[in-house]
Amino acid sequence: MKRVRWLSGLFLAGMLCVMLGTVGAQVAQAQRPIHILDLQCVVTSGNTNFLYREPTDISIGRQLHTSIMRVQQLGLTCRLPGGRASLRLEYGVSDQSGISPPKIEVYVDGNQVASQVGKPGRINTMFADISNGKSLALDISCSTAKNCNQGYYHFFKFNLEPGASSPGGR
């Protein structure tokens with residue numbers, strides 16, 4: 001009798017571990033960053049011929065970095081999955097490029113929520129809280145009228161991070 005109780009207890013403990021592992025894996029998977037171009041998107045300005053989603057080694061600030069994507073000026077509007085989320089962009093301009101630093105504007109449901117002008121010679125980071133939005137629009141353009149077609153803007157992260165809001169956001 002003791003042996004049967006012990007075995008049934010062991011079996012129940014094993015089943016509980018399997019169930020918790022499955023739920024934990026689903027939660028972990030739901031929290032993975034989503035590349036913005038994996039969402040349903042349309043190009044609203046610019047040219048998709050100048051958008052490359054491929055690894056490229058470049059020098060920024062005399063340091064080697066691998067970008068995941070490069071673009072020239074671009075307007076992009078995407079459908080959001082809903083819920084709490086933040087946008088995370090990391091970008092820069094190659095040391096060899098003569099292009100003006102980018103100006104990036106972020107809109108959620110048509111309302112501007114963030115804007116930033118990149119600084120040359122470094123990796124720039126931009127966060128924006130996009131929680132509960134239905135639509136995300138990004139405008140990536142030259143910050144000056146000079147040298148706008150002299151190269152590409154390189155991105156190292158171009159992600160939607162589900163379940164997160166930007167630091168300091170509520």
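Visitor: Between which strands is the loop where asparagine 149 lies?

Guide: Asparagine 149 lies in the loop between strand E12 (135–142) and strand E13 (153–162). Strands here are DSSP runs marked E of at least two residues, numbered from the N terminus. Before we go on, keep in mind that this is a predicted model, where local features need pLDDT of at least 70 and side-chain atom pairs count only at pLDDT 80 or more, while totals for chains, interfaces and linings use all residues. Residues are numbered from 1 along each chain as its sequence is written, and side-chain values use heavy atoms, with hydrogens and water left out.

Asparagine 149 has a relative accessible area of 56%, so it counts as exposed; the scheme calls a residue buried under 20%, exposed over 50% and partly exposed in between, using a 1.4 Å probe and protein chains only. If you skip its neighbours within four places in sequence, asparagine 149 is in contact with Gln72 and Gln73, where contact means heavy atoms within 4.5 Å. Serine 100 is 49 residues from asparagine 149 in sequence, with 8.6 Å between their C-alpha atoms.

Now for the cysteines. Cysteine 148 forms a disulfide with cysteine 142, their sulfur atoms 2.5 Å apart, and both of these cysteines are buried. The rule for a disulfide is a pair of cysteine sulfur atoms within 2.5 Å, and by that rule the count comes to two. The other one links cysteine 41 and cysteine 78, with 2.0 Å between the sulfur atoms. Cysteine 41 lies in strand E2 and cysteine 78 in strand E7 (residues 74–79), so this pair ties together parts that are 37 residues apart in sequence. The torsion about the S-S bond of cysteine 41 and cysteine 78 is about 105°, so that disulfide is right-handed. Cysteine 41 is partly exposed at 25% relative accessibility, whereas cysteine 78 is buried at 3%. Counting bonded cysteines along the chain, the pattern is 1-2, 3-4.

Threonine 44 is partly exposed at 48%. Leaving out neighbours within four places in sequence, threonine 44 is in contact with Gly75, Leu76 and Thr77. The C-alpha atoms of threonine 44 and leucine 76 are 5.4 Å apart, though 32 residues separate the two along the chain.

Isoleucine 104 has glutamine 116 in E10 as its bridge partner, and valine 106 has alanine 114. E9 and E10 form a hairpin with two residues between them, and aspartate 109 in the turn has a positive phi of about 50°.

Methods:
Pairing = 2+ DSSP bridges. Helix = DSSP H or I, 4+ residues; strand = E, 2+ residues; numbered from the N terminus.
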